[in-house]
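Subject: A structure for you to look at

Hi there,

Here is the structure I promised to pass on. Have a look around it first, and then read my notes below.

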Amino acid sequence: SKYSVMQWNMFWGTVDTMSQTKRITHIDSLRGAAVLLMVMVHAAATWNPFQDTQMSVLAYVVSGLGGLAAPLFVTLFGWGIVRSHLSIKARIFQALFLFIAQILVNFTSPHLFNPFTPGVLSLMGLLTLISPFVVTRMKLLSIPPLATTLALIFTIQFFFPEIQGVGGWSDRVSDDSAYTIGSNLFLTGTYPLFPWIVFALLGATISEAHSNSSQTLQQNRFTKSVLILGLMFCLSTFVYSNIENSLWAHPTEDAYLTFFPANPAFIVAATTGVLLIWTFIQRYELPFLSSTGQISLTIYLVHFIPLSLMNDFDTIHQWGLETSAVAILLYTLAWIPVSALWLKQWPHVNFETILKRIRKSL
């Protein structure tokens, strides 16, 4: 495969001579969009403009786009891991790095996480370890195994909802024992393997269906049907929730779509959102996001530091809803020119380059 040289680059986008000639622009842009949405989520959690349960348009826009950050991240990771050809040693190293990176992120964000809280990076580390048994051993991933996995997960969620935990945020980020950490890593945390493996399998399925065309997501009748059905589901539940005067979507409150834990309605809506974003960026490419995608790992790890230093600005300066929203938007968009300048001035000073050099020495 022409992508075998890229390995880790398939998700994080390491810059080197060989991979630059083989880059897929819209994949870089998708990575850029994913990391910017992650930045927005964490900025919103730091300067929370929605202290109370609100059903404003602004709340839905921020929550809706932010809710797609992790699903897009994990889907892209699943897409890339199928196309990588990691040795056992490289796979172990990659997983170890992701687990350590998760701990470093936690230490730089004490206002959000505990030191050993499992998160999206530890989820990717776990997926890296199990992918030979779950993803790459599934010959020609296609719709049937993905649909079967979805049906199984939805059935378990319906009949055994307590398996994903019944606690609030503090319980989902708790690290007070090895059992708690393990439980949060696999079932009850913010991004546990169950049910988030669905998005990795979605990415793997897209990857296997990728032909030699410029389209990584095939725009065929099936894809369009899934998008239409997904949009109809989202619209119908949104209308019904308004008729019932109840919450449609919320990270933790009692709503039709919940993020913590990720319920079946959220998984359907997030899958629809990921496919829509993928379709849109594949069509228009959005090259201004390319540099952000090329150092997405670096941005993800670094963006927590300013947030930690400024985490009480909203309280000190008594920010209202509008001020907090503007601050979140500006902080998120600032990483687009920052990433372009970073690559221009220091093209090899990033975590992607460090990882590449370490892998070569293994």
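Let me begin with a question: is the crossing of α5 and α7 right-handed or left-handed? It is right-handed. Before I go further, please keep in mind that this is a predicted model.

The chain has a mean pLDDT of 86, with 87% of its residues at 70 or more. Two stretches call for care. Over residues 1-10 the pLDDT stays under 50, and the model has 35 contacts beyond four places in sequence for them. Residues 12-21 also stay under 50, and there the model has 33 such contacts.

**Helix α5 beside helix α7**

Two packed helices are described by the angle between their axes and the distance between the axes. Helix α5 covers residues 69-83 and helix α7 covers residues 120-134; their axes come within 11 Å and cross at roughly 25°. Angles under 35 degrees count as roughly parallel, so α5 is roughly parallel to α7. If you want to find the contact on screen, select Phe73, Val74, Phe77 and Ile81 in α5, which meet Val120, Leu123, Met124, Leu127, Thr128 and Ser131 in α7. The residues of this contact divide into eight nonpolar and two polar, with no charged ones.

**Helix α5 beside helix α11**

Helix α5 also meets helix α11, which runs over residues 193-209. Here the axes come within 7 Å and cross at roughly 50°, and the two helices are therefore oblique to each other. This crossing is right-handed. On the α5 side, the residues in contact are Ala70, Pro71, Val74, Thr75, Gly78, Trp79, Val82 and Arg83. Their partners in α11 are Trp196, Phe199, Ala200, Leu202, Gly203, Ala204, Ile206, Ser207 and Glu208. Sorted by type, the residues of the contact between α5 and α11 are eleven nonpolar, four polar and two charged. You will notice Val74 in both contacts: it is among the α5 residues that meet α7 and among those that meet α11.

Is Met40 buried or exposed? Met40 counts as buried because its relative accessibility is 13%, and the cut-off for buried is under 20%. Now look for Leu333: it lies 293 residues from Met40 along the chain, yet the C-alpha atoms of the two are separated by 8.8 Å.

Enjoy exploring, and write back with any questions!

Best wishes

Technical notes. Residues numbered from 1 in each chain as written. Predicted model: local features only at pLDDT ≥ 70, side-chain atom pairs only at ≥ 80, totals over all residues. Heavy atoms only, no water. Axes fitted to C-alpha atoms, helices over the stretch in contact; angles between N-to-C directions. Helix = DSSP H or I, 4+ residues; strand = E, 2+ residues; numbered from the N terminus. Parallel < 35°, antiparallel > 145°, perpendicular 65-115°, else oblique. Left-handed = near helix turned anticlockwise from the far one by under 90°. Contact = heavy atoms within 4.5 Å. Nonpolar A, V, L, I, M, F, W, Y, C, P; charged D, E, K, R; others polar. pLDDT = per-residue confidence, 0-100. Buried < 20%, exposed > 50% of the residue type's maximum accessible area, 1.4 Å probe, protein only.
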